[in-house]
Amino acid sequence: MSESATNQERVRILCVGAGNMGRSHALAYQAIDGFEIVGICTRSKESGAKLNEELGSDYPTYQDFDEALQATQPDAVCVSTWPDTHARFVTTALEAGCHVFVEKPLADSVEAAEEIAATALATNRKVVVGYILRHHPSWNRFIEIAHTLGKPLVMRMNLNQSSSGATWETHKRLMSTVSPIVDCGVHYVDVMCQMTGSRPVRVSGIGARLTDELPEGMVNYGQLQVTFEDGSVGWYEAGWGPMMSETAFFVKDVVGPNGSVSIVAESASSTGQSDNVDAHTKTESIRLHHGKLNAEGNFARDDEWIHLEDEPDHDGLCHREQQFFLDAIQQDNDLTAHLQDAVNSMKIVAAADESFRTGKTIELETNETIST
């Protein structure tokens, strides 16, 4: 906890959801002195009891969100539930006077995301969205290096997941409302916007339905392509399911006039790791390629390898996110740009989904800028 916050009262927080992210956030709240967990709200008694057991505690558990909010009267709420619940849970918490941490995507539609942003402004409460890569020192370094490559940039990224068992069941539940390109894509278009510092102007998308286990009209594979005002371009693809390939599922690569930079995560990108949530944020090393040639026409400099040791694991990153949330509350940090960025990244992935369904390239509105 930051020094300026040490003498302040603890923030009493209600944890809603106990999946991969909800569990990690609860661990962070218990570890950070500035938070006090006052309750756990989950869909089943079993999941709440399991989280309590891992925390070594006996926090009150609830299965109904409104009951939990009324009973605990928290200062803040952590929403780590399905995207189609975000708008109601977040706006209800804000209207009750609570600050909110909400997992990405901010909501399951642009309209719902905008509703959350408007309610945060009207209630003067803090809302932090779970863009975990913003708190990753290696990804921050990746973005910094991209700024040195000149313009325009060509950004290539994906995260396909060959999922089975419980992970495939989770993916199918997510796809009851959002596609993989929406759920995961918000992370990576946010990164692209930070790299370019430019306004996204045009989006196109493709998609494919590779199984009949999904709701009618839903796809489990998608790719988006975005063009920026400065001429930069980027693509991102995401696919979920037991049929997905584990070849080249982890690509994080940026090219500019001066060279290129790539995340090279040999362990995280190896076979069998595509649906491992701990592997998704591993970086391991960054390869910087210098494009300048010497008088003989050969490369003037060797590639640089930036080895990233002791980088935080998934739980460590969630700890950093929650420290950011605590500082925002206790230091009254302005989160206007943070929340607008989340809305705008939702607009980009939603445009990709619209493009796929209509067969048309989507021109973005002129106010769709993202801060860097």
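Reader: Which domains does the domain assignment give for this protein?
Author: The model is a predicted one, and the domain assignment of the protein gives domain 1 (11-129) and domain 2 (134-318 + 344-363).

Reader: And what separates their centres, and how many residues does the contact take from each?
Author: Taken over C-alpha atoms, the centres of domain 1 and domain 2 are separated by 27 Å. The contact between them takes 18 residues from domain 1 and 17 residues from domain 2.

Reader: Which residues touch the most other members in the largest nonpolar core?
Author: That core has 86 residues, and those that touch the most other members are Val77, Leu106, Phe142, Met157, Met195, Tyr236 and Val254. Helix α11 (residues 336-358) gives the most to this core, with eight residues.

Reader: Where does this core lie relative to the two domains, and why?
Author: Domain 1 (11-129) and domain 2 (134-318 + 344-363) both give residues to the core, so it lies between them. As a general point, nonpolar side chains tend to be buried together in soluble globular proteins.

Reader: Let me pick Met195 from that list; what does it touch?
Author: Not counting residues up to four places away in sequence, Met195 touches Phe142, Ile143, Ala146, His147, Lys151, Leu153, Met155, Met157 and Val254. Apart from the core that Met195 belongs to, there lies another core, of 21 residues, among them Ile32, Cys78, Phe325 and Leu335.

Reader: I'd like to look at helices now. At what angle do α6 and α9 pack?
Author: Helix α6 (residues 137-146) and helix α9 (residues 185-196) pack at an angle of about 40°, and their axes are 9 Å apart. The two helices, α6 and α9, are therefore oblique to each other.

Reader: Which residues meet there, and what classes do they fall into?
Author: From α6 come Trp139, Phe142, Ile143 and Ala146, which meet Tyr188, Val191, Gln194 and Met195 in α9. By class, the contact of α6 with α9 has seven nonpolar residues, one polar residue and no charged residues.

Reader: What about α5 and α11, how do their axes cross?
Author: The axes of helix α5 (residues 110-123) and α11 come within 9 Å and cross at roughly 170°. That makes α5 roughly antiparallel to α11, since an angle over 145 degrees counts that way.

Reader: And which residues make that contact?
Author: On the α5 side the contact is made by Val110, Ala113, Glu114, Ala117 and Ala120, and on the α11 side by Leu339, Val343, Met346, Lys347 and Ala350. The residues of the contact of α5 with α11 divide into eight nonpolar, no polar and two charged.

Reader: Staying with α11, is Thr336 buried or exposed?
Author: Thr336, which is found in helix α11, is exposed, with a relative accessible area of 55%. Thr336 and Ile362 are 26 residues apart in sequence and 26 Å apart in space, going from C-alpha to C-alpha.

Reader: Then a change of topic: where is His171, and is it buried or exposed?
Author: His171 has its place in helix α7 (residues 165-174), and His171 is buried, with a relative accessible area of 5%. Leaving aside its neighbours within four places in sequence, His171 is in contact with Gln161, Ser163 and Trp240.

Reader: And where is Met243 found, and what does it touch?
Author: Met243 is found in the loop between β10 (233-239) and β11 (250-256). At 36% relative accessibility, Met243 counts as partly exposed. Met243 touches Leu210, Thr211 and Asn220, not counting residues up to four places away in sequence.

Reader: Which residues does a cis peptide bond join?
Author: A cis peptide bond joins Lys104 and Pro105, with omega about -10°, and Pro105 is found in the loop between β5 (99-103) and α5. The peptide bond from Lys151 to Pro152 is also cis, with omega near 0°, and Pro152 has its place in the loop between α6 and β7 (154-159).

Reader: Last one: which residues other than glycine have a positive phi?
Author: Among them is Gln73, with phi near 50°, in the loop between α3 (65-72) and β4 (76-79); Gln73 is partly exposed, with a relative accessible area of 48%. Asp332 also has a positive phi, of about 55°, and is found in the loop between α10 (314-330) and α11. Asp332 is exposed, with a relative accessible area of 56%.

Note on methods: Residues are numbered from 1 along each chain as its sequence is written. This is a predicted model: local features need pLDDT of at least 70, side-chain atom pairs count only at pLDDT 80 or more; totals for chains, interfaces and linings use all residues. Side-chain values use heavy atoms; hydrogens and water are left out. Axes are lines fitted to C-alpha atoms, for helices over the stretch in contact, and angles run from 0 to 180 degrees between N-to-C directions. Helices (H or I, at least four residues) and strands (E, at least two) are DSSP runs, numbered from the N terminus. Angles under 35 degrees count as roughly parallel, over 145 as roughly antiparallel, 65 to 115 as roughly perpendicular and the rest as oblique. Contact means heavy atoms within 4.5 Å. Ala, Val, Leu, Ile, Met, Phe, Trp, Tyr, Cys and Pro count as nonpolar, Asp, Glu, Lys and Arg as charged, and the others, Gly among them, as polar. A nonpolar core is a set of buried Ala, Val, Leu, Ile, Met, Phe, Trp, Tyr and Cys residues joined through side-chain atoms within 4.5 Å. Buried means under 20% relative accessible area, exposed over 50%, partly exposed in between (1.4 Å probe, protein chains only). Domain bounds come from an automatic or database domain assignment.
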